[in-house]
Amino acid sequence: MKLVCSQTELNTALQLVSRAVASRPTHPVLANVLLTADAGTDRLSLTGFDLSLGIQTSLPASVDTSGAVTLPARLFGEIVSRLSSDSPITLATDDTGEQVELTSLSGSYQMRGMPADDFPDLPLVENGTAVKLDPAALVRALRSTLFASSSDEAKQLLTGVHLRFDQTRLEAASTDGHRLAVLSVDNALQDAIASDDASEAEESAALAVTLPARSLREVERLMAGWKGSDPVSLFFERGQVVVLAADQMVTSRTLEGTYPNYRQLIPESFSRTIALDRRAFVASLERIAVLADQHNNVVRISSDPSKGLIQISADAQDVGSGSESLPALIEGEEVQIAFNVRYVLDGLKAMDGERIVLSCNAPTTPAILSPSDDGSGLTYLVMPVQIRS
């Protein structure tokens, strides 16, 4: 293998695929990145794969000799990141194909790799179900829900985001048992769902799959930096999903099991609503959170319909207390309700609208935060914290 490529493009590609390299590999080759050079297309492909998450990307290169090798991801990445961006990089393997010489204006480095044949193949979906998605719709769905997924591996199904495809609509949902984020995006699918199997095609009229949040964060990162407007392709088959966007690919296993029926958790009507400015609410909560963080993260929100004000307060025992008031449009009787301030802030920061509505029935029943003016379709449910007066 012998090629010349840009330091900047190689560094960017390495940073991307290294996120799928195992931190505690079960086999030495899983700590490596696979490099594949193709003289026919003049491209260098890079792959990272930890047997659960796989990321592959490619970049233009002047390839003299085709070939493949794996190199230690961390060492290779640290060397490349420190080389001058003013000089192209030459990569060449010796006769054994395992010793790689990296040459730049700065100097030359030798690294011992491992044979490409030792590197596991990425799962490819050749049959099964295919979905084409608008990239902006996918990014919006992930940004609105990823934050609410669980980090508790004991609740494995809840460590993912549930994606449901129905005709041309995408619905994303995530919950950790204390809060729930749901976003529906109309016209997110560019084509009707296609399947190679007729019986599968009937079932997939409303296809649903739960994917690990870790994998979807990489998809979101990939999409956010992607300049193209072409649809993103998702392929589903036997517990695997492949996401294809231009010359980049993410593969992930699915999370098996029946996702909770989250729709039944959302109250159908509310006796109390509070509408207020989102940015002012966030700013007040962040200031009060300084005190709330000292004790138990709990903030109280009290409404005063006669004055058109809400009071946000926190009491950190033996440390101090604080309160702020904000103007609000209040419907229904007064209420005092308490929340984990971090949960509320996470939801508010995932919204874009200028005004939000807090809807609830009682201090102990689920409350809903939703934008009142951006039509995003985001519903964020938060369970209150029980407080003693």
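Okay, housekeeping. What we have is a predicted model, where local features need pLDDT of at least 70 and side-chain atom pairs count only at pLDDT 80 or more, while totals for chains, interfaces and linings use all residues. Residues are numbered from 1 along each chain as its sequence is written, and side-chain values use heavy atoms, with hydrogens and water left out.

Two strands pair if DSSP finds at least two bridges between them.

Strand β1, residues 2–5, pairs with β7 in the antiparallel sense over 4 bridges, and K2 has A92 of β7 as its bridge partner. β7 also pairs with β8, residues 99–104, again antiparallel and over 4 bridges. There, T93 stands opposite V100 of β8. The hairpin of β7 and β8 has 5 residues between the strands, and G97 takes a positive phi near 80°.

Next, the helix pair. Axes here are lines fitted to C-alpha atoms, for helices over the stretch in contact, and angles run from 0 to 180 degrees between N-to-C directions. Helix α1 (residues 7–17) and helix α2 (residues 73–82) pack at about 145°, with 9 Å between their axes. The crossing is left-handed, meaning the near helix is turned anticlockwise from the far one by less than a right angle; clockwise would be right-handed. Who touches whom? Q7, L10, N11 and L14 of α1 meet F76, G77, V80 and S81 of α2, with contact meaning heavy atoms within 4.5 Å.

Skipping its neighbours within four places in sequence, F76 is in contact with L10, L14, L35, L71, L91, L102 and M111.

F76 also brings us to the cores. A nonpolar core is a set of buried Ala, Val, Leu, Ile, Met, Phe, Trp, Tyr and Cys residues joined through side-chain atoms within 4.5 Å. The largest one has 101 residues, and those with the most contacts inside it are L10, L44, L46, F76, F165, F281 and I310. Helix α6 gives the most to this core, with 7 residues. There's a second, separate core of 11 residues, including A173, L180, I368 and L381.

Four strands form an open antiparallel sheet in the order β22-β21-β20-β24. Its edge strands are β22 (320–327) and β24 (336–340), each pairing on one side only. The twist averages 20° from one strand to the next. Helix α6, residues 278–295, packs on this sheet, touching β20, β21 and β22, and its direction makes about 20° with that of β21. Helix α7, residues 341–349, lies across β20 and β24 and runs at about 80° to β24.

A quick stop at F235, which sits in strand β16, residues 232–237. F235 counts as partly exposed because its relative accessibility is 24%. Beyond four places in sequence, its contacts are V125, T129, A130, Q240, V241, V242 and L244.

Last, two loop residues to look at. Most residues other than glycine have a negative phi, and most peptide bonds are trans. N187, though, has a positive phi, near 55°. N187 lies in the loop between β13 (179–185) and β14 (194–195), and counts as exposed at 61% relative accessibility. D318 has a positive phi too, near 65°. Where is D318? D318 is in the loop between β21 and β22, and it is exposed, with a relative accessible area of 86%.

Note on methods
Buried < 20%, exposed > 50% of the residue type's maximum accessible area, 1.4 Å probe, protein only.
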